[in-house]
Amino acid sequence: MGKITGFMEYKRVDESYDPVKERVKHYKEFTVPLEEKELKNQGARCMDCGIPFCHSGCPLGNLIPDFNDNVYNGNWEKAAKILHSTNNFPEFTGRLCPAPCEQACVLGINEDPVSIENIEKNIVEIAFEKGWVKPQIPAIRTGKTVAIVGSGPSGLAAAQQLNRAGHLVTVFERDAKAGGLLRYGIPDFKLEKPIIDRRIEILEQEGITFKTNTTVGEDVSVETLRADFDALLLCGGATARRVLPIDGSNLEGVHQAMDFLKLNNEYVDGLKTFDEIISAKGKNVIVIGGGDTGSDCIGTSNRHGAKSVTNFEILDKPTEGRPAHQPWPFWPMKMKTSSSHQEGVERHWSVSTKKFLSDENGRLKALVTCEVEWIFKEGERPQLKELPGTEKTWPCDMVLLALGFTGPGSNLVNQLELDTDFRTNIKATTKDFKTNIPGVFAAGDIRRGQSLIVWAISEGRQSAHHIDAFLMGASDLPLKDDHDLPSA
């Protein structure tokens, strides 16, 4: 905990943002950090709650009261050690996680919860600044080899854990640089890519090998991997994008959100020119999908200089507070307004897109929608009902489909003859993360479906424990409920 009476003395204070008119001119992060004194005050708000429900809210089981107490007392190095004992990459989660821990915070029952995510980010940033984050090179090598397919957060977490166990780890990545969706799906204004680069450099110094521009199943065969490595872990994510099967969905001007975001990230990285990307400059843009990816499209479109940005969500407008059927400490589906929304967008809920309209040249010129109503009956799936007489035509030059993902979207599933579930995710339980093929494991979104970064890291860590046990007969690598601190 922090200060015994801290939660009564200090109110929650969050980082502020640079002004909208300034930040939309660039792609850098734009948060204004809190002073150290204020961060200590925020750590002091962590109360003596008896049972820290934040632990159960966090898929990693982060020791939140412990690092909050050390922040309050100014013991930043110890706080960093505690944080890294359960989370390999707090610099990622401290920027990108939706913080289910805060929704489970006991103080959040009737006050603003402790600002756990921001404290986490500042702990790791201070740790990097002070040089406390150093490579942990294993003293002994086992001689066992592990291939990991995919360098997103689950693959990176598993790689670091398995390397610490002494195994020789090679990570295969189809893109030009490691990081997965962290690098090619998350805009730089939320996560600047040097943040990824500095962590990859540490992983390489620890002895992990990265093979980029390498598509498993094409550039290297699965047979080769199974022959050359003692274990294979699949962390390729959920990359099969949902489509909108309506008239005009193939028109010029209708784009998948991830194509739009990836190209822009490559432009920011200097790998492409602005003429080579999907540009929203001067266009009336409609983003279909109200999640984080849709929000990222909104922020990127505004930075391109879009003429207007409109956002459709097929679900009902969420409530400002907790819905009655989602009480504390469960995750609430309540209204979320991101920094990108604040930069300029017209938002609409309960809207379904019916068809896209083209001009005489076959380009997108408009789309047609109708309003919908959701019918809820106990014991049945919600039913979608279109409301007659609500059709509306919206002129637009570009549509971005931010509809989420449905499965791996990889030919590895067929090549390895892997069993899948009804959602096309690879079948492997959290009991041991084993697939139906001996020596082949799966973790992260490729196994559980589209999910949170914090779940990806958690599954990477847990799968590493079970792979180590598979290779050695037993494992000392921690699981979620094991909290032995690593040596410095």
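This is a predicted model: local features need pLDDT of at least 70, side-chain atom pairs count only at pLDDT 80 or more; totals for chains, interfaces and linings use all residues.
Let's start with how cover is judged: a residue is buried with under 20% relative accessible area, exposed with over 50%, and partly exposed in between (1.4 Å probe, protein chains only).

Residues are numbered from 1 along each chain as its sequence is written, and side-chain values use heavy atoms, with hydrogens and water left out.

Back to Leu-315. You'll find Leu-315 in the loop between β9 (308–313) and α16 (339–342); helices (H or I, at least four residues) and strands (E, at least two) are DSSP runs, numbered from the N terminus. Together with Ile-314 and Leu-384, Leu-315 makes a nonpolar surface patch with about 230 Å² of accessible area. Patch members have over 30% relative accessible area and no salt bridge, with like charges joined within 9 Å and nonpolar side chains (Val, Leu, Ile, Met, Phe, Trp, Tyr) within 5 Å. The areas come from the Shrake-Rupley method with a 1.4 Å probe, and for residues only the protein chains shown count as cover. The loop between β9 and α16 also holds Pro-329, and the peptide bond from Trp-328 to Pro-329 is cis, with omega near 5 degrees.

Strand β9 takes us into a sheet. This one is open, has five strands in the order β7-β15-β8-β9-β10, and pairs them in parallel. Because β7 (254–256) and β10 stand at the edges with a single partner strand each, one side of each has no neighbour in the sheet. Neighbouring strands here are turned by 20 degrees against each other on average, direction ignored. Pairing asks for at least two DSSP bridges between two strands. Strand β8 (residues 284–288) has five bridges to β9 and four to β15 (residues 398–401). On the β9 side, Val-287 has Asn-311 as its bridge partner; on the β15 side, Val-285 stands opposite Met-398. Four of the five residues in β8 are buried.

At the β10 end, look for Arg-347, which sits in that strand (residues 346–349). Leaving out residues up to four places away in sequence, Arg-347 touches Asn-311, Met-335, Lys-336, Thr-337 and His-341, where contact means heavy atoms within 4.5 Å.

Now for another sheet, again open and five-stranded with parallel pairing, in the order β5-β4-β3-β6-β16. Its edge strands are β5 (209–211) and β16 (440–442), each with a single partner strand, so one side of each is left without a neighbour in the sheet. Three bridges hold the parallel pair of β4 (residues 168–172) and β5, with Val-171 bridged to Phe-210 in β5. Helix α10 (residues 153–164) lies across β3 (145–149), β4, β5 and β6 (231–234), at about 170 degrees to β3. Helix α19 (residues 453–472) packs on this sheet too, touching β3, β6 and β16, and makes about 165 degrees with β6. These angles run from 0 to 180 degrees between N-to-C directions, using axes fitted to C-alpha atoms, for helices over the stretch in contact.

Most residues other than glycine have a negative phi. Asn-213, in the loop between β5 and α13 (222–228), has a positive phi near 50 degrees. Phe-433 has a positive phi as well, near 65 degrees. Phe-433 counts as buried because its relative accessible area is 0%, whereas Asn-213 counts as exposed because its value is 51%.

Finally, the charges. There are 24 salt bridges in the structure, each a side-chain nitrogen of Lys or Arg within 4 Å of a carboxyl oxygen of Asp or Glu. In one of them, Arg-95 meets Glu-29 at 3.0 Å, N to O. Arg-95 lies in helix α7 (residues 90–96) and Glu-29 in the loop between α2 (20–23) and β2 (31–32), so the pair ties together parts 66 residues apart in sequence. Another joins Lys-262 and Asp-175 at 2.7 Å, N to O.
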